[in-house]
Structure formats: structure tokens, C-alpha cells
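This report describes strand pairing and helix packing in the model shown below.

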Amino acid sequence: MALTKADMAERLFQELGINKREAKEFVEMFFEEVRAALERGGQVKLSGFGNFNIRDKKQRPGRNPKTGEEIPITARRVVTFHPGQKLKARVEAYAGSSDKEQL
Amino acid sequence: MTKSELIDLLAQRQKHLTYKDVEFAVKTMIEHMAKTLASGERIEIRGFGSFSLHYRPPRLGRNPKTGESVPLAGKYVPHFKPGKELRERVNNSTAELTQDDEQEQESIVTSESAVSN
């Protein structure tokens with residue numbers, strides 16, 4: 001089961017003692033502020049987690065995989081995420097079911 | 001925007017919460033997300049995106065100082081896939097690039113002229 005906004009709101013309700021509606025609203029607002037900052041074209045740095053950056057991509061040649069037809073992939077602005085050292089180290093230590101299970 | 005700037009912003013919007021509460025809430029959320037990934041689980045936030053782990057198979061690395069080969073074990077790395085709303089809002093944004101952006105001037109000009117075509 002993946003972590004969702006509802007799970008995060010539940011955690012805030014338990015640990016912060018704010019009511020469920022407020023907790024839900026807070027989680028929503030957290031992600032909205034990050035989206036808005038990225039929409040403004042800025043970088044978002046969450047220490048202990050990672051950085052979100054904006055990249056402007058030039059137009060490049062592409063292909064319709066179904067028809068094989070060549071169509072240009074238009075220039076676009078995209079979000080990239082770079083995990084921080086701390087998160088990378090914590091994830092790397094994850095032994096999981098070693099090789100089998102695709103996550 | 002840094003974590004502390006995000007805390008400031010949220011504190012301004014959530015007048016019924018103290019600054020300390022907002023700070024604690026933001027840190028709790030970030031820790032919850034990090035812990036989830038560290039336990040091998042995914043994160044799915046509709047309209048924002050999903051975080052998952054990608055496997056990197058074992059490989060032979062090299063010690064850059066000595067040139068010696070060193071075997072590196074397979075590992076997992078965090079991966080983010082932006083959701084539809086985030087993708088569309090960022091792509092449709094006409095905001096000027098900020099000055100601390102590291103892109104070369106050339107690519108900025110190219111993509112802007114392509115957009116206006």
C-alpha cells in the first residue's frame with residue numbers, strides 16, 4: 001500500500017492533535033505551495049528529502065511508437081527531483097527482498 | 001524555496017496554527033515520506049506525483065585515485081514521476097526564469113521561441 005495524503009493527514013492528526021479536517025487541509029496546502037513555487041519557475045529544496053528543479057527542454061525528434069511516424073517532441077518545461085544525500089543513504093540501506101520484487 | 005521558507009508561507013496561511021506547529025507538521029510530513037521510501041514503499045500524491053524506488057544492478061566501479069576496480073553492490077534509488085496537474089501547470093507557466101537558474105541562456109531562448117510559435 002502506497003503512502004497517500006490521507007495517511008499523512010492521519011499522522012498529523014495523531015502527532016499534532018489538530019482535527020482531521022485541519023490536518024487534511026494542511027497536507028493539501030503543503031503540496032499546493034510546492035506546486036505553486038515550481039509553477040513560478042523556482043527550485044524547491046526540502047532538506048532531509050531532496051530538491052525539485054525546473055528544466056527547460058528543447059524540441060527534439062520523436063516517433064509515434066504505434067505507427068512509427070516521426071513527430072517532433074515539442075519544447076517543454078519539466079520538473080526533476082534529486083534526492084538528497086540523507087534520503088539516498090536511507091533508501092540504499094533498504095535490503096528489501098533483495099533482487100526479486102519489483103518495487 | 002527552502003523548507004524554512006515553506007514553513008513561513010504555510011504559517012502565514014494557517015493563522016490558527018502556531019509557527020511551532022507548522023514547523024513540526026512540515027517536518028513530520030517530510031519524515032513520514034522519507035521513512036516510507038526507506039522501508040521500500042511508494043508514495044502517491046494525486047495531482048503532485050509519485051515517488052518510487054528504482055533498482056540499480058551491481059556494477060564494477062573504479063577508485064578515481066588509484067584506478068583500481070571495485071565491485072559495487074546493487075542498490076535502490078528514489079525516483080519521482082510528476083503527476084498530471086503538476087506537469088501541466090509547470091509546462092504552461094509563462095513565469096520568467098529566475099536568475100539563479102542554471103540553464104544556459106541558449107536553451108532558454110530556444111524553448112521560449114518554440115513556445116511562442
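## Hairpin of chain A

Strand 3 (residues 60–63) and strand 4 (residues 70–73) of chain A are paired antiparallel through four bridges. Strands here are DSSP runs of E with at least two residues, helices are runs of H or I with at least four residues, and both are numbered from the N terminus; two strands pair if DSSP finds at least two bridges between them. Opposite A:Arg63 lies A:Glu70 of strand 4 of chain A. The hairpin of strand 3 and strand 4 of chain A has six residues between the strands, and A:Gly68 adopts a positive phi near 80° there.

## Basis of the model

This is a predicted model, in which local features need pLDDT of at least 70 and side-chain atom pairs count only at pLDDT 80 or more, while totals for chains, interfaces and linings use all residues. Residues are numbered from 1 along each chain as its sequence is written, chains are lettered from A and ligands numbered from 1 in the order in which they are written, and side-chain values use heavy atoms, with hydrogens and water left out.

## Sheet of chain B

In chain B, three strands make up an open antiparallel sheet in the order 1-2-5. Strand 1 (43–45) and strand 5 (75–82) of chain B are at the edges with a single partner strand each, so one side of each has no neighbour in the sheet. From one strand to the next, the twist averages 30°.

Strand 1 of chain B is joined to strand 2 (residues 49–56) of chain B by three bridges, and the two run antiparallel. B:Gly49 in strand 2 of chain B is the bridge partner of B:Ile45.

## Helix packing between the chains

Helix 2 (residues 20–39) of chain A and helix 1 (residues 3–13) of chain B cross at roughly 130°, their axes coming within 11 Å. Axes are lines fitted to C-alpha atoms, for helices over the stretch in contact, and angles run from 0 to 180 degrees between N-to-C directions. The contact (heavy atoms within 4.5 Å) involves residues including A:Phe26, A:Phe30, B:Leu6 and B:Arg13. By class, this contact of helix 2 of chain A with helix 1 of chain B has seven nonpolar, no polar and two charged residues. Ala, Val, Leu, Ile, Met, Phe, Trp, Tyr, Cys and Pro count as nonpolar, Asp, Glu, Lys and Arg as charged, and the others, Gly among them, as polar.

Helix 2 of chain A also packs with helix 3 (residues 84–92) of chain B, at an angle of about 30° and with the axes 8 Å apart.
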